[in-house]
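Please examine the protein chain shown here before reading further.

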Amino acid sequence: MIRRLLQPRRPTRFLRSYASLPEPLKRRVLETPMEPTYDPLLDAIARWHRMRGFDVRWIPGLDHAGIATQSVVEKKLMREQQLTRHDIGRDAFLGHVEAWYETYGSRILGQLDRLGAVLNHDHKFFTLDGPRSAAVVDAFVRLHEKGLIYRHRRMVNWCPTLQTAISDIEVDAVPLTKRTLLPLPGRQAPVEFGVMYRFRYQVADADDLFVEIDTTRPETILGDVAVAVHPDDDRYTHLHGRSVLHPFSGARLPVVCDAVLVNPELGTGVVKITPAHDANDFACAQRHGLPEPIVIDLDCKMVTDIPSLSGLDRFDARLQMVELLREKGLFVDTLDHPTTVSICSRSGNVIEPYLMPQWFIKCEDMAARSAAVPRWSYVAKLSTTTDDKWVVARSIDDATATAMTLYDLSPGSFTLEQDEDVLDTWFSSALLPLSSLEWPTDDRVPESIRHLYPMSLLETGSDILFFWVARMSMLCTELSGGTQPFKAVWLHPMVRDKAGRKMSKSLGNVIDPLHVIGGIDLPTLLDGLHQGNLDPKERARAEKELKKEFPNGLPSCGTDALRLTLASYLSQGRQINMDLQRVVASRHFCNKMWNALRYALPLVQTTSSSSLESHAPSMSLADRWILSRLADAVTKVHDGYGTFKLATSANAAQRFFIQELCDVYIEFSKPVLYHEDAHAKEAAKATLTTALDTSLRLLHPIMPFVTEELWYDDLRTQRLQGGSEHSLMTAAFPDPAQWARWVDRDAEASMQAVLDVMHAVRSLRHTRKTLAPDASTVE
């Protein structure tokens with residue numbers, strides 16, 4: 001039924017709401033199950049366009065969410081089997097990842113269905129399926145051919161826990177104002193940060209001359225290759241052209257003058273240079289032609305010939321290094337030092353700046369063009385007897401042919417080994433506006449998708465604006481011949497708990513929308529904490545909070561109540577402080593609407609099939625007033641949807657239904673509906689039926705289930721017998737231009753006067769009852 005209703009009805013007009021958010025879709029179950037509650041908001045926009053005759057394409061997708069999935073699966077392996085991915089091997093680990101995807105991928109799509117999202121399931125995709133993988137390979141090769149992708153030895157952000165390099169935007173900068181102990185994964189004791197260590201280097205050829213240096217990382221002294229001073233610092237002009245002695249190797253380290261690296265007003269004005277483990281030092285080494293020895297390996301253990309330091313964790317080596325410096329009489333003091341610690345947003349471990357070869361994309365030109373208007377590809381290392389070279393091709397056969405041509409090699413004289421490194425998961429996600437439709441084999445949008453590309457609307461969160469949106473803009477613009485992938489981006493607010501805290505599994509304050517919809521008892525809610533990867537201490541804290549916040553569990557509120565609450569919350573700004581009592585209040589509105597329809601429908605059972613306009617001469621003041629107010633509501637709701645202000649639409653529709661239709665008009669219409677004046681009665685019936693029908697249409701995009709049930713079973717039977725509208729989902733949305741004819745300012749002014757008199761009389765009665773409760777009533 002749904003698929004039939006989704007067939008295009010107006011092929012010349014398209015809204016392609018590509019908003020399945022392929023990256024977060026996978027991550028939602030992994031981290032924040034409240035995230036899918038954003039999708040009903042986009043679904044409301046999609047339903048609104050569909051009711052207006054547009055062909056809406058909302059394609060669901062799942063992303064492999066590389067690092068996030070790897071991290072969760074690894075934790076699961078360790079918790080259940082006490083194994084690491086290295087213990088079981090690559091193929092077995094990928095099998096566990098695939099099993100995880102099968103379980104949680106279907107759960108995510110099931111969540112979306114329960115939340116009322118109408119998706120084009122015939123076109124659903126996974127970022128590691130055949131077409132998407134082929135698109136990644138082709139994109140990589142084309143970008144490499146353009147010189148935009150290259151391999152280079154540069155400083156990267158290395159996470160020792162995940163054993164991968166991560167981008168700058170996946171690093172959390174944690175500011176510290178004083179000495180602070182931070183707990184880190186894999187360590188029993190916390191590590192102290194916010195400390196500056198001062199030590200001395202002896203100047204070469206001068207037994208009694210030393211220079212003091214400050215560092216936050218004394219363990220990296222093993223990788224020092226020079227010290228730097230500012231060329232204009234008069235304190236150290238005597239060191240120009242001289243050297244210092246390394247405290248352990250005794251090597252002579254040059255003193256270099258560098259105005260870029262050294263700020264003479266900070267610390268002692270002398271800076272140690274460790275090129276392989278600090279980005280600024282690396283840049284300085286490039287300027288002065290200095291060596292780049294690596295003294296910390298990929299597991300963040302020390303690489304050295306010093307027995308007491310070799311193989312030590314970097315933070316253990318830090319303390320040991322201080323003791324060794326003390327023994328040599330070279331340690332001076334420790335100082336408080338406000339600093340910023342770089343933390344991996346996935347693992348929580350401290351990032352290690354690491355010098356290593358990686359694949360990079362040149363973004364400057366692409367970003368400029370974009371602003372104006374990890375699946376691996378076949379990257380193979382060519383191993384010969386003399387050197388290692390690289391070729392980039394779409395397949396093993398292409399790579400072999402390219403290697404023979406490029407390096408003038410004969411068959412059998414070389415071997416090809418595929419690079420085991422993988423692309424950032426955002427690379428494949430960045431291609432999805434094109435790869436989810438039809439991948440272009442050249443820099444042109446295929447003819448078959450030009451009516452769908454660029455998409456009309458992208459809905460996402462500001463937290464992945466640079467992770468995903470900017471990358472889509474750059475890559476798709478580059479690979480489509482200069483066409484931006486979307487016309488508009490709608491940034492939804494972040495969902496937080498009612499105290500304003502970010503919803504996070506690490507805090508145990510995550511709310512699964514399915515629990516809000518169907519309800520859940522407290523024991524089951526608590527059991528969910530034990531199914532995750534929470535630290536035992538965090539789990540105990542989360543259990544305490546849940547028992548306090550939801551002593552009786554979560555009540556069943558239904559999908560419509562949740563969707564209505566979220567739409568109403570959009571007026572808050574950039575974040576939603578989710579209070580479940582608001583959802584309960586929305587459930588009461590659903591009940592109110594249900595009861596109102598059930599009460600009113602028997603009154604209009606014999607409505608004639610004549611048009612509303614034909615009853616205009618017989619309409620009462622109340623009839624003309626409610627139709628005028630309805631015209632105002634139609635305009636406000638329509639404008640709210642059109643400007644993505646769903647709170648405006650929800651509030652306008654609710655206010656009309658409760659305060660004007662139910663509280664006023666239905667009460668005024670009762671005497672007329674039971675009156676013997678046939679013309680007035682038919683006019684009131686037609687007006688009430690129209691008001692109820694239109695109210696359901698206005699609310700349907702936000703509250704699809706209860707409105708569909710009431711409209712299809714009741715109002716459609718009353719008014720639309722023989723009509724072509726088989727579902728409210730494809731029924732026509734009220735048009736403000738057509739409703740403008742019912743605007744009646746005189747009727748509104750007259751009715752307001754009547755209502756003011758009624759309110760005044762009620763107020764007087766209340767005052768009289770309060771001041772003289774025993775007074776008799778004079779008839």
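**A guided reading of the chain**

Ile149 stands opposite Ile361, a residue of strand S18. Strands here are DSSP runs of E with at least two residues, helices are DSSP runs of H or I with at least four, and both are numbered from the N terminus. The model is a predicted one, in which local features need pLDDT of at least 70 and side-chain atom pairs count only at pLDDT 80 or more, whereas totals for chains, interfaces and linings use all residues. Residues are numbered from 1 along each chain as its sequence is written, and side-chain values use heavy atoms, with hydrogens and water left out.

In outline, the secondary structure of the protein chain comes to 25 helices and 25 strands. Of its 779 residues, 51% are buried; buried means under 20% relative accessible area, exposed means over 50%, and partly exposed lies in between, with a 1.4 Å probe and protein chains only. The protein chain exposes about 35900 Å², of which carbon and sulfur atoms supply 51%. Such accessible areas come from the Shrake-Rupley method with a 1.4 Å probe.

The opening pair of residues belongs to a sheet. Strands of a sheet pair through backbone hydrogen bonds, either parallel or antiparallel. In this open sheet, three strands follow the order S6-S5-S18 with antiparallel pairing. Strand S6 (164–166) and strand S18 (352–361) stand at the edges with a single partner strand each, so one side of each is left without a neighbour in the sheet. On average, neighbouring strands of this sheet are turned by 60 degrees against each other, direction ignored. Two strands count as paired if DSSP finds at least two bridges between them.

Strand S5 (residues 149–159) is joined to S6 by three bridges and to S18 by 10 bridges. On the S6 side, Asn157 stands opposite Ile166, and Trp158 has Ala165 as its bridge partner. S5 and S6 form a hairpin with four residues between them, and Gln163 in the turn has a positive phi of about 55 degrees.

Strand S18 contains Pro353. With 23% relative accessibility, Pro353 counts as partly exposed. Pro353 and Trp158 are 195 residues apart in sequence, yet their C-alpha atoms are 6.0 Å apart in space. Leaving out residues up to four places away in sequence, Pro353 touches Met155, Val156, Arg217, Ala276, His277 and Asp278; contact means heavy atoms within 4.5 Å.

Strand S10 (residues 195–203) and strand S11 (residues 210–215) pair in the antiparallel sense over six bridges, and Tyr197 has Thr215 of S11 as its bridge partner. Six residues lie between S10 and S11, and Asp205 in the turn has a positive phi of about 65 degrees.

The helices come next. Helix H6 (residues 90–114) has 25 residues and reaches 36 Å from its first C-alpha to its last, close to the 36 Å expected; the expected span is 1.5 Å times one less than the number of residues. Among the buried residues of H6 are Trp100, Tyr101, Tyr104, Ile108 and Leu112. An α-helix has 3.6 residues a turn, so residues three or four places apart point the same way. H6 is followed by Gly116, whose phi is positive, near 90 degrees.

Helix H14 (residues 465–479) has 15 residues, which should span 21 Å at 1.5 Å a residue; its end C-alpha atoms are 20 Å apart, which agrees. H14 is mostly covered, with 12 of its 15 residues buried, including Trp468, Arg471 and Glu478. Just after H14, Gly481 takes a positive phi of about 85 degrees.

Helix H19 (residues 580–600) has 21 residues and reaches 31 Å, close to the 30 Å expected. Its buried residues include Phe589, Cys590 and Met593. Leaving aside neighbours within four places in sequence, Met703 is in contact with Phe589, Cys590 and Met593, as well as Asp560 and Leu564.

Where do these contacts lead? In soluble globular proteins, nonpolar side chains tend to be buried together. The largest nonpolar core has 94 residues, of which Met593, Leu646, Phe657, Leu661, Leu688 and Met703 touch the most other members. Helix H21 (residues 646–673) gives the largest share of this core, 13 residues. A nonpolar core is a set of buried Ala, Val, Leu, Ile, Met, Phe, Trp, Tyr and Cys residues joined through side-chain atoms within 4.5 Å.

Methods
Axes fitted to C-alpha atoms, helices over the stretch in contact; angles between N-to-C directions.
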